Amino acid sequence: MVPLIQALEKRSRPGLILVGLAVLVLIGIIDYLTGFEILFSVFYLLEVGLATWFVGRRFGVIMSILSVLVWIGGDMAAGAHYSRPFVPIWNAMILLVLYFIVVWLLASLRRLHDELENKVRERTLALTQEIAERSRLEKEILEVSEREQRRIGHDLHDSLCQHLTGTALAGQVLGEKLEARSLPEAAGARKIVELVESGITLARNLARGIYPVEMEAEGLMVAFEELAHNISTVSKVTCVFDCDPPVLIHDAAVATRVAKRPVGEVRELAESLVGVKDKIVSCGTCFNVTDQDPCRICADPARDGRLLCVVEEPNDLLAMERTGEYRGRYHVLQGALSPLDGIGPDDLKVRELLARLEANAVGEVILATNPNVEGEATALYLAKLLRPLGLRVTRIARGLPVGGDLEYADQVTLSKALEGRREIS
Ligand SMILES: [Zn+2]
């Protein structure tokens with residue numbers, strides 16, 4: 001029954017009207033064939049009910065009239081005789097009234113049913129929206145709380161631990177002073193330092209507990225990043241921390257946080273730094289800093305050996321390399337002439353430069369010392385020294401700020417300066 005109702009609900013209105021009329025014709029034929037003595041009005045009622053329910057009140061009324069007409073017509077055709085002509089009209093009227101009452105009742109029921117269904121639909125929609133809004137809010141709250149948790153974790157880890165480390169250091173200094181004076185209070189000071197240190201451990205564990213994952217990942221990865229950064233600034237060698245698979249650190253503040261790491265970690269960092277420093281040597285040919293001798297540039301056969309660029313420091317070499325325009329080789333002087341500081345030619349790799357020029361067929365020497373007083377003096381000195389050797393000696397052009405360092409020049413300025421180099425007089 002339910003599938004039949006569902007199938008009827010899905011049909012279009014004209015389709016339903018056609019079906020209704022077809023069923024009426026069918027019932028009329030059966031009524032006619034069964035004769036006028038068998039009462040058939042109940043089947044008409046079923047037909048009228050379905051028409052009202054699925055199509056509407058108006059169609060129900062039409063079907064009621066049609067049913068009564070078919071019923072009376074069918075019976076008359078089947079040979080029914082009435083004693084008075086008033087009888088069939090009376091019967092038809094009674095039946096019609098009955099059908100109309102059914103139509104009215106069913107139509108009202110249908111309206112109620114539809115209203116109820118609409119309300120249910122509206123309520124469901126509202127409920128779905130409410131649930132979605134709630135889960136969005138929940139997610140937001142979760143994010144905010146996570147962010148707060150992370151912030152508290154960081155604050156605890158950085159600020160408090162940093163403060164405690166400072167306190168421990170101050171205590172240690174005090175203890176040492178007391179010890180130097182052979183005072184008995186030194187033991188007390190040591191005890192305080194120990195207590196503060198265990199406080200640091202407690203605070204760090206607490207911070208890890210509040211936001212465990214990031215603290216752990218950060219502790220290792222960022223320390224390596226910072227190590228690379230420290231090597232770059234302290235040793236003036238470009239050092240990059242490369243990790244496979246890469247651990248992405250989006251927070252720029254993370255790097256600075258490492259500077260505030262507790263003493264133990266800093267010591268480890270310093271030890272790694274010393275380890276790295278041990279591996280760094282000076283190239284025996286060009287005096288660039290490298291981890292292999294000769295360095296990669298000197299060992300590269302694709303480099304133009306007829307071009308030699310003289311720079312002050314390894315950093316300047318790196319700046320020149322960054323332009324990507326220069327394909328010759330280098331000579332690092334490891335400084336510049338500075339009579340005021342007592343730095344003369346013997347303190348620079350000048351003798352080594354002359355030896356290189358003698359041993360190799362170099363066509364042009366580019367003097368790329370810094371465009372400051374010392375750099376200019378060095379360039380002039382070298383130009384005078386090299387010109388008798390029959391070489392082309394050029395100086396990089398003045399696209400660079402006077403008094404500046406090559407290291408800090410942008411790539412475009414530096415490559416323009418290189419392009420515009422000129423013979424030095
Ligand atoms: Zn080299």
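Start with helices α2 and α4, which are roughly parallel to each other (an angle under 35 degrees; over 145 is roughly antiparallel, 65 to 115 roughly perpendicular and the rest oblique). The model is predicted: local features need pLDDT of at least 70, side-chain atom pairs count only at pLDDT 80 or more, and totals for chains, interfaces and linings use all residues. Residues are numbered from 1 along each chain as its sequence is written.

Select residues 13-34 for α2 and 57-77 for α4: their axes cross at roughly 20° and come within 9 Å. Axes are lines fitted to C-alpha atoms, for helices over the stretch in contact, with angles from 0 to 180 degrees between N-to-C directions. Helices (H or I, at least four residues) and strands (E, at least two) are DSSP runs, numbered from the N terminus. This crossing of α2 and α4 is right-handed (the near helix is turned clockwise from the far one by less than a right angle; anticlockwise is left-handed). To see the contact, show I17, G20, L24, G28, D31 and Y32 on α2, and F59, M63, L66, S67, V70, W71, G74 and A77 on α4; contact means C-beta atoms, placed from the backbone, within 7 Å. The contact of α2 with α4 comprises 9 nonpolar, 4 polar and 1 charged residues (nonpolar: Ala, Val, Leu, Ile, Met, Phe, Trp, Tyr, Cys and Pro; charged: Asp, Glu, Lys and Arg; polar: the others, Gly among them).

Next, select 86-180 and 185-210. These are α5 and α6, packed at about 170° with axes 8 Å apart, which makes α5 roughly antiparallel to α6. Their contact has 18 nonpolar, 9 polar and 5 charged residues. In the loop between α5 and α6 lies S182; S182 is not a glycine, yet its phi is positive, at about 55°.

Colour by pLDDT, the predictor's confidence in each residue, from 0 to 100. The chain averages 82, and 84% of the residues score at least 70. The lowest confidence is in helix α8 (residues 253-258), with a mean of 53, and the highest is in strand β4 (residues 328-332), at 95. Residues 213-217 fall below 50, and this stretch has 7 contacts in the model beyond near neighbours in sequence. Where pLDDT is low, the predicted coordinates should not be read in detail.

Move to P294, in the loop between β2 (289-290) and α10 (296-299). The peptide bond joining D293 and P294 is cis, with omega about 0°.

Now display the open sheet of 5 strands, ordered β4-β3-β5-β6-β7 with mixed pairing (strands pair if DSSP finds at least two bridges between them).

L307 is opposite E364, and V310 is opposite L367. β5 also runs parallel to β6 (residues 392-395), joined by 4 bridges. End on E364, whose bridge partner in β6 is R392.

How values were computed. Contact = placed C-beta atoms within 7 Å.
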